[in-house]
Amino acid sequence: MTQKRVSLTQYLVEQQRMHGHIPGQLRLLIEVVARACKRIAISVNKGALGDVLGTAGTENVQGEVQKKLDVIANEVLIEANEWGGHLAAMASEEMDGIYVVPNRFPQGEYMLLFDPLDGSSNIDVNVSIGTIFSVLKKPEGHTGVSEEDFLQPGSQQAAAGYCIYGPQTTLVLTVGDGVAMFTLDREQGSFVLVQDDVRIPADTKEFAINMSNMRHWAPPVRRYIDECLAGKEGPRGKDFNMRWVASMVADVHRILTRGGIFMYPWDQREPDKPGKLRLLYEANPMSFLVEQAGGAATNGQQRILDVKPGKLHERVSVILGSKNEVERVTAYHQEAAR
Ligand code: P6P
């Protein structure tokens, strides 16, 4: 007798009944985001057949060339979420400022942040990419909504997740009560629970970093990677494997699935930039997921979820994954700072 599969909707309703973590507006928000991800998956899966590859001929706020799918994914998320009455505003890697829900729609108490399609450099070469999203509550007592309302530390997130468009289309979600994974059943057209209570092993033998930047790293990162490369004969006494998909969603999904450490650290190429990845809609949601799965996430100095954002598109150095490894790298940074 095959086990009865639990849909995303049933999971959310049962979580609300058991734990009360998921008020109606938040459940609606999660289901609308999941539906938007299904729409995005359809475009992603068409590739060249859907005339969605290549660049859009525009640049985003980061000065990066936008891929057609970046723009499509952003529009899908805006259109899917703006009418529901659950949101006050949205923020996206692809938009300079916040998107306030138009007056023709009711305003809600939540704010949605997203990287609509992370890993864009992989789109044209058919490597897994994903949508990353983060949910904050609008601060109490504020009439209207402003960019300032978004500048909350990641510890304030009400929910976070991503949808990875790979061999499977899988939605990974936390509302602060562990991490669950839902794979899209294309015949039913719905996300189905495939793993509940995801756990990251505290130790690992696998690191993920872009090795081509080695000469630019700060000493603590260099020390950690050198020790991994020294293998059994070195101070770690074990051999390590390396992975780098150059798609954060794919690298994080591997770590949630089998452990590992992911690093995109500060490097001296642009010393004023704390790191490449964005705090609010990449590092914070991924850090929330990783911590909820028993892992750790720091910027080398402090817990990423404690970082107080100064601006919407702020960047941060990211070290996340298996707890003991993240703590080791962070300790190396703290030793170097002393
Ligand atoms: P690099 C994708 O563009 C991204 O923002 C992350 O998904 C990924 O981890 C990183 O950049 C890859 O950067 O410098 O290795 O291409």
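An oxygen atom of the ligand comes within reach of the Asp118 side chain, at 2.5 Å from one of its N or O atoms. Bear in mind as you look around that this is a predicted model. The ligand itself sits in the largest pocket, and the protein buries 83% of the 400 Å² that the ligand exposes when taken alone.

- For Trp244, the distance between a side-chain N or O atom and a ligand oxygen is 2.9 Å.

**The shell around the ligand**
- Besides Asp118, Asn210 and Trp244, the residues surrounding the ligand are Gly119, Ala246, Ser247, Met248, Phe262, Tyr264, Lys276, Leu277 and Glu282.

**The overall fold**
- Eight helices and 17 strands make up the secondary structure of the protein.
- The protein is as compact as a globular protein of its length, because its radius of gyration of 20 Å is close to the 20 Å that the globule rule gives for 338 residues.
- If you want a sense of the dimensions, the C-alpha trace spans about 60 × 55 × 45 Å along its principal axes.

Key
Residues numbered from 1 in each chain as written. Predicted model: local features only at pLDDT ≥ 70, side-chain atom pairs only at ≥ 80, totals over all residues. Heavy atoms only, no water. Near = heavy atom within 4 Å. Polar contact = N/O pair within 3.5 Å; in protein donor to acceptor, adjacent residues only side chain to side chain. Areas by Shrake-Rupley, 256 points an atom, 1.4 Å probe, with all protein chains shown as cover. 1 Å grid on protein atoms, 1.4 Å probe; cavity = no way out; pocket = protein on both sides within 12 Å on 5 of 7 lines; lining within 4 Å. Sits in = over half its atoms within 2 Å of the grid points. Helix = DSSP H or I, 4+ residues; strand = E, 2+ residues; numbered from the N terminus. Rg over C-alpha atoms; globule rule 2.2 N^0.38 Å.
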